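Q: I would like to go through this structure with you, starting with how its parts are arranged and then turning to the spaces in it. Could you take me through it?

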Amino acid sequence: MAGMKVNGTSTRAIWRVAGQPAVDIIDQTALPHAYRILRLASLEDTAHAIRSMQVRGAPLIGATAAYGVALALLRDAGDAALAKAVATLGATRPTAVNLHWALARMQAHLAPLPASERGAAAWREAEAIADEDVAQNRAIGEHGLALLRPLAEKRGRLDVMTHCNAGWLATVDHGTALAPVYAAVDAGIEVRVWVSETRPRNQGLLTAWELQQHGVPHTLIADNAAGLLLARGEVDAVIVGADRISANGDVANKVGTYLKALAAKEAGVPFYVAAPRSTLDFACPNGEAIPIEEREGDELRVVHGAGSDGRPAALRQLPAAEAVANPAFDVTPARFVSEVITERGSAAAHALATLYPEECGA
Ligand code: MRU
């Protein structure tokens, strides 16, 4: 599976700027209306990028945080600065455990080193985290393809539904949920992706944009259309990503995932979750223990897009005084998940420990 392309050029979602103490990202708040590269050169830049969702998606948040630690240590590589960087980045978003996984890995790697060696070591470790993400997602693509191929053979084509954006934009490259889709396309399978809009932040538009860049046929739907399409037999499989999977296999992912899982179960359609090791939280017993991010109400009250002149525009659809609730994630119980696809293969959600025996004493 080749890397993803923007306007025909291979591009990661984050990369180190050659010869400079900085990383570049694709500003995901500008997409799909504008393709803009942003340069991050400090701890504050990276924390802001994660908080404001210029970068988003669990694996990409983790990789960005790792680079953020490296940028912080350029200024001060002492113990206090390292601890501050980890704490600052760790407070940006609560649900995706990849963030905390990456920060714990950076801390464990750097803390035992003398301060004079930490800067270079931090860049190496951040690059390793990014490269491993790419390799793991490629493997998820292959394992996912093994599940999708029989479904495609039955019908001579494949209609997949996804939610939010768990494509290459949400990772360093390839994506998690979309990696099997890209692998299926590469294998010559005729694929169409049902892309759900994903109110309120409309990450489905990011999915549509990246599928378009990769030439994958897709159709955008309102979130509320998913049940009908599943009931009508127009979907062969649902594939989503995850922000955190607890030890018992419950899956936290973008709000609305749970409704799709319920509808898929009723319709007898397989519901797959694709996630790398960094999304698995074996220390978290179950879904109830997963912190669910509550985001600001204006994400519902104000709609962002492009005006008739093509420039970014905001439209208020609800007065500021209207009460809104904006939980950004929900939890799908393990029993609604057909398989979790990881870089080590796939397993029932409740049996993930069998894929990672060294981590769970299984
Ligand atoms: O709030 P977001 O856009 O960061 O949420 C992203 C998701 O919920 C994704 O499905 C998840 O992070 C998996 S990304 C490979």
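This is a predicted model: local features need pLDDT of at least 70, side-chain atom pairs count only at pLDDT 80 or more; totals for chains, interfaces and linings use all residues.

Q: Which residues belong to domain 1 and which to domain 2?
A: The domain assignment places 5-133 in domain 1 and 142-360 in domain 2.

Q: How many residues are in contact between domain 1 and domain 2?
A: On the domain 1 side 33 residues take part, and they are in contact with 33 residues of domain 2.

Q: And what area is buried there?
A: About 2800 Å² is buried between domain 1 and domain 2, and carbon and sulfur atoms give 57% of that area. On the domain 1 side, Arg56, Thr95 and Val97 supply 22% of the area buried against domain 2, more than any other three residues.

Q: How many salt bridges are counted between the domains?
A: The count between domain 1 and domain 2 is one salt bridge. In the model, Arg93 forms a salt bridge with Glu293, with the closest N and O atoms 2.8 Å apart.

Q: Why does the largest pocket lie between the domains?
A: Domain 1 and domain 2 both give residues to its lining, so the largest pocket lies between them.

Q: What about the second largest pocket, then: what is its volume?
A: The second largest pocket has about 220 Å³. Its lining includes His163, Arg199, Asp223, Asn224 and Lys260. Helix H8 (226-231) and helix H9 (257-267) each supply at least two lining residues. By class, the lining of this pocket has five nonpolar, four polar and three charged residues.

Q: Now the cavities. How many are there of 30 Å³ or more?
A: The count comes to three cavities of 30 Å³ or more. The largest cavity holds about 180 Å³ of space. Among its 23 lining residues, the closest to the cavity centre are Arg56, Gly57, Ala58, Asn165 and Asp243.

Q: Which element gives the most to the lining of the largest cavity?
A: H2 gives the most, with three residues. Helix H2 (58-75) and strand E11 (251-254) are the elements that give two or more. Domain 1 and domain 2 each provide at least three residues of this lining. By class, the lining has 10 nonpolar, nine polar and four charged residues.

Q: And the second largest cavity, what lines it?
A: That cavity has a volume of about 80 Å³. Among the residues that line it are Pro59, Asn98, Trp101, Glu132, Asp133 and Ser278. H2, helix H4 (97-110) and helix H5 (115-155) each give two or more residues to the lining, and H5 gives the most, with four. The classes in the lining of the second largest cavity are six nonpolar, four polar and two charged residues.

Definitions and conventions:
Residues are numbered from 1 along each chain as its sequence is written. Side-chain values use heavy atoms; hydrogens and water are left out. Domain bounds come from an automatic or database domain assignment. On a 1 Å grid over the protein atoms alone, a cavity is a set of points where a 1.4 Å probe fits but cannot get out, and a pocket is an open set with protein on both sides within 12 Å along at least five of seven lines; lining residues have an atom within 4 Å of a point. Grid points are joined across faces, edges and corners, and a volume is the space filled by probe spheres set on the points. Ala, Val, Leu, Ile, Met, Phe, Trp, Tyr, Cys and Pro count as nonpolar, Asp, Glu, Lys and Arg as charged, and the others, Gly among them, as polar. Contact means heavy atoms within 4.5 Å. Buried area is the accessible area (1.4 Å probe) that two parts lose on being put together, summed over both. A salt bridge is a side-chain nitrogen of Lys or Arg within 4 Å of a carboxyl oxygen of Asp or Glu.
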